[in-house]
Structure formats: structure tokens, C-alpha cells
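Please keep the sequence and the structure in view while reading.

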Amino acid sequence: MIFSSFVISDKEPIYVQICNHIKDNIEAGMLQKGSKLPSTREVSNVLKVSRNSVVTAYEILESEGIIKSVKGKGTFIDKVSRNSKDNFNVDWSSMINEYGEACTKLDILKTELPYKKGMISFKSIAPEEGLFDLEEFKRAFLNVCSMEGDKILNYGYAKGYNKLIDYLMKYMQEKGVNTEGKDILITNGFTEGFDIVLSSLTKAGDSIICEEPTHNTAIKIMKTHNLNIVGVPMDLDGINTKELDKQIKETNPKLAYIIPSYHNPTGIVMKGEKRQEVYKICEKYSVPIIEDGFNEELLYSSSHVPPLVSLSTEGNGVVYIGSFSKILFPGLRIGWIMADKNLIGALESVKRARTIHCSFIDQAILYQYMNSGAFTKYVKKVRKYYRDKYRFTLEEVKKNIPYECIMGEGGLHIFIKLKGISSRDVLAKCYEKGVLFMPGDIFYSGSGGEFTMRIGFSRVKKEEIKKGIKIIGDIVKEMS
Ligand SMILES: Cc1ncc(COP(=O)(O)O)c(C=O)c1O
């Protein structure tokens with residue numbers, strides 16, 4: 001109550017003192033526009049003064065436009081506080097540290113050309129939300145509420161929701177992984193998993209091997225950890241193994257980050273023999289592999305290719321990071337790290353130190369959804385949908401865009417190398433015509449990729465794919 005500190009003096013009339021007290025409180029920022037004042041009766045009771053004095057004070061303040069009474073509701077402050085002392089300003093931009101600056105500089109959502117309403121955008125590789133089976137998801141949510149009860153909204157465990165962990169253990173076994181001596185940590189998607197692994201295992205200046213090109217977010221994370229990124233060029237069937245061997249010998253890397261299936265941005269699926277070769281090279285030099293298994297469920301054409309982690313039958317040299325962001329719902333932000341038990345023990349503490357744990361209700365719903373069989377049905381549906389769309393887009397690209405090569409055999413995107421034409425120059429012209437795509441250079445840790453582009457088709461309608469690819473093709477032809 002604003003009058004609790006009010007001391008009445010006999011130097012001025014009481015109504016004047018009440019007016020001044022309210023004005024002082026406004027000036028000091030204690031009363032904001034819209035704050036409700038106590039009623040005149042309450043004030044007269046608290047201050048033990050006549051109600052008339054309070055009514056007079058309120059009438060004066062109202063006539064000055066400082067307060068306003070609303071019939072049936074009460075009296076409110078109507079003037080914005082003009083606090084002369086309110087000059088607590090901080091120059092935040094001068095306080096942003098090296099990490100904050102690096103994240104801002106590498107934030108492609110801020111640095112790349114923005115989407116504008118009505119454009120045809122091939123930038124994203126997010127899933128098509130029209131495919132999401134919301135009804136099954138709602139059912140899973142209701143089941144969680146009735147089975148788990150109130151406790152699902154309480155704190156959970158850093159490692160994750162036990163039933164989901166057990167489910168994922170079996171899921172990994174079905175992929176051919178020997179889970180003996182391994183454990184799982186649930187993370188906020190691949191992105192957090194990768195960041196936690198690098199935070200726990202590397203220090204600034206360490207070298208890390210990756211495919212060149214590679215996932216832009218992974219580049220950002222490696223850069224913000226001040227790692228020396230050693231990009232190994234890719235052939236049409238995946239990482240160049242001769243170069244991999246050479247680079248490992250020369251740079252003595254701490255880790256190797258590899259995306260064996262539906263690689264982003266190339267779409268390449270590394271075949272079995274190549275996986276063996278990569279695994280053997282890393283094993284020879286004792287370089288642990290971080291395997292990004294984000295899209296391996298897509299399976300457009302070939303049958304299941306076992307992940308690299310399945311090659312380390314008794315060993316613990318592979319850290320597998322999985323994610324449901326492409327094959328299921330990215331908004332849930334659920335991924336997992338499967339690795340050696342002791343390593344997971346350490347990563348669990350890092351997770352707890354940073355964010356305590358991922359949302360338990362989300363993990364529980366996901367578990368319910370998967371365990372009900374809805375996931376298997378959904379995966380079948382999306383595979384077919386994306387495969388058809390991939391083939392359609394590929395056809396359109398081949399018909400319309402003069403290219404040097406098209407890499408890969410799928411994913412939610414097509415990676416094209418143009419014949420010596422800068423994709424950024426093409427993009428600038430396409431933008432004027434309302435078409436957007438990802439210039440390939442963002443997938444290179446240093447320079448490179450000038451003539452490449454990634455066409456993400458997952459959320460673009462077929463008519464728009466047709467129209468957009470034709471526009472890109474016409475501009476490339478014009479520039480050839
Ligand atoms: C190579 C790769 N890994 C993982 C992911 C998924 O990341 P997250 O699980 O953090 O959404 C993506 C998304 O585009 C990706 O391209």
C-alpha cells in the first residue's frame with residue numbers, strides 16, 4: 001500500500017500532502033500507468049484522516065490528468081511515469097563477449113537474404129507439417145496424462161525419461177548396434193548433443209575432421225568452440241578416404257564429425273564398404289567418430305545401411321547422435337547421444353549443469369507416440385511422400401538447370417554444382433523474381449562451394465517447385 005510510509009506533517013493541508021505523495025511515487029517509478037489506487041475510504045482509514053481530504057486530493061489529481069476514476073472499478077494512475085532518475089542505460093553491444101559475437105556473426109537467419117511473403121523458398125529442409133498426424137499426437141498426450149499423472153510435470157532426470165531411453169536402446173539394437181557398455185542421454189536435438197560433446201571433449205585450438213561441405217549448424221558450433229576445422233573433400237560416394245587418412249596424419253585431430261546417411265547438404269548415402277573404410281581409418285589413428293544419424297530413416301532407395309556405430313561391435317570409439325527433427329517433429333527438440341557408459345555419465349553432468357534436463361512431458365509423449373506404433377506408420381508415409389517429391393524435384397532440376405553435377409541420392413534437398421557460375425549471383429537475381437535457395441558456400445568452413453546451391457523441397461508445393469526451378473534455370477541459362 002503506497003501510504004504505508006506516509007507521515008503526516010502539520011505544515012501543509014493534508015490533501016496537499018496526499019497529492020504530493022502520489023506525485024512523488026509516480027516520479028520515482030513506484031506507480032505506473034494503470035496502477036490502481038486504494039479507495040478514498042481505505043486511505044482515510046489507514047491515515048486516520050477525514051475522507052473529505054482524500055476525496056479532495058483525488059479530485060485535484062484527476063483535474064490535472066494524473067489519475068482517472070472508472071465507474072464501478074476504482075481509481076487508476078493515468079499519467080506515464082516520467083521518472084527523471086530513469087536513465088539506467090547499458091551499452092549492451094559493447095558487453096557482448098567473443099562467444100556472443102561469434103554466434104551473431106554466424107547466424108545465417110540474420111545474415112542471409114530473408115524470406116518475404118509470397119516467395120518460393122527452397123531454403124528450408126524442415127519437414128512438411130501437413131504430414132504431422134496431430135490426432136495420434138493428441139492421443140499420446142492424453143495417455144501420458146492419465147498414465148503418469150501429476151508427476152510428469154515435476155522435475156525429471158538429466159539423462160532423460162527412462163521409458164524413452166529404453167525404447168531408444170532397442171531402436172539402436174534394431175539398427176544393428178551392440179548396446180553393451182553403452183548408454184543414452186536425451187538432448188535438445190542434434191544441435192545440443194553436438195555442443196555438449198564438443199564442450200566436454202575439446203578445447204580451443206583442437207583440430208576436428210569433418211566432411212567438406214557439411215551441416216552449417218555443425219560448422220557454427222565447431223567455430224564457436226574455436227576448433228581448427230579440417231574439412232575433407234567429398235567424392236560422389238562420400239568423404240574422400242585417401243584425403244581423410246592424410247589429413248588425420250597431418251593434423252592429429254581430436255574427433256571426426258561424419259554424416260553417413262542423406263548427408264547435408266549433398267544428400268550422399270555412404271555405402272557399406274565406404275563406411276568400413278572410414279571406420280578403419282579412424283580406428284587406425286584412434287580418432288573417435290561423432291556420427292550424425294539425423295536422417296537415416298529416410299531410406300529412399302537402398303535397404304538399411306547400418307550406422308558407423310554398429311561397426312564398433314565391442315568398441316566404444318563412436319559417439320552416435322540421433323535426432324527426430326527431420327523424420328518426425330523438430331518442434332519437440334528431442335535427440336539423443338548414444339555412447340560409452342562412462343562418457344554418458346560425464347555428459348549427463350554437463351547436461352544437468354546447463355539445462356537440468358529436456359522437457360519430461362515432451363519425452364513422455366514422444367515415447368507414447370512411438371510405442372503405440374504410430375511412428376512406424378508415420379515413417380512409411382513420409383518416406384513415400386519425400387521420395388516422390390525428391391524424384392519430382394530432381395526431374396525439374398535436370399530439365400531446367402544447366403549443372404556440372406548433382407550429388408547424392410536423397411534427403412529433403414538437392415545439391416547442385418553449376419558450371420562455373422556463382423550461386424550467390426544467381427541467388428541475387430532469383431531474389432528479385434521471388435525465389436530463394438541456400439547458396440552452397442554456407443556449408444564450407446572456409447572458402448569453397450562458390451558454384452554450388454542447395455534446393456530444399458520438403459515444404460514447397462509441386463506447382464511451386466516447377467515454377468521456382470524454372471526461374472532458377474532461366475537465370476542460370478542467362479548467365480551461362
Ligand atoms: C546434418 C544434420 N544433423 C542434424 C540435424 C537436426 O538438428 P536438430 O536435431 O538440432 O534439429 C540437421 C537439421 O537440419 C542436419 O542437417
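Is asparagine 226 buried, partly exposed or exposed, and how many other C-beta atoms lie within 10 Å? In this predicted model, asparagine 226 has 14 other C-beta atoms within 10 Å and is therefore partly exposed, since a residue needs 20 or more to be buried and 12 or fewer to be exposed. Asparagine 226 sits in the loop between helix 10 and strand 7 (228–235), and although it is not a glycine, its phi is positive, at about 55°.

Tyrosine 262 is likewise a residue other than glycine with a positive phi, near 45°, and its place is in the loop between strand 9 and helix 12. Tyrosine 262 has 27 C-beta neighbours inside 10 Å and so counts as buried.

The loop between strand 9 (255–258) and helix 12 (272–284) also holds proline 265, which is joined to asparagine 264 by a cis peptide bond. Another cis peptide bond runs from glutamate 212 to proline 213, and proline 213 belongs to the loop between strand 6 (207–212) and helix 10 (216–224). The two bonds are set out below.

| Cis peptide bond | Omega | Loop holding the proline |
|---|---|---|
| Glutamate 212 to proline 213 | near 10° | strand 6 to helix 10 |
| Asparagine 264 to proline 265 | about 15° | strand 9 to helix 12 |

Two packed helices are described by the angle between their axes and the distance between the axes. Helix 11 (residues 241–251) packs with helix 12 at an angle of about 10°, and their axes are 10 Å apart. Helix 11 is therefore roughly parallel to helix 12, because angles under 35 degrees count as roughly parallel. On the side of helix 11 the contact is made by Thr241, Leu244, Asp245 and Ile248, while helix 12 contributes Glu277, Val278 and Ile281. Sorted by class, the contact between helix 11 and helix 12 comprises four nonpolar, one polar and two charged residues.

What surrounds the ligand, and which residues are the closest? The ligand is surrounded by 13 residues, of which Gly189, Thr191, Phe294, Ser323 and Ser325 are the closest. Helix 9 (residues 189–201) supplies the largest share of this shell, with three residues. By class, the shell around the ligand consists of five nonpolar residues, seven polar residues and one charged residue.

Definitions and conventions
Residues are numbered from 1 along each chain as its sequence is written. This is a predicted model: local features need pLDDT of at least 70, side-chain atom pairs count only at pLDDT 80 or more; totals for chains, interfaces and linings use all residues. A residue is near a molecule or strand if its C-beta atom, placed from the backbone, lies within 6 Å of it. Helices (H or I, at least four residues) and strands (E, at least two) are DSSP runs, numbered from the N terminus. Ala, Val, Leu, Ile, Met, Phe, Trp, Tyr, Cys and Pro count as nonpolar, Asp, Glu, Lys and Arg as charged, and the others, Gly among them, as polar. Axes are lines fitted to C-alpha atoms, for helices over the stretch in contact, and angles run from 0 to 180 degrees between N-to-C directions. Angles under 35 degrees count as roughly parallel, over 145 as roughly antiparallel, 65 to 115 as roughly perpendicular and the rest as oblique. Two residues are in contact if their C-beta atoms, placed from the backbone, lie within 7 Å.
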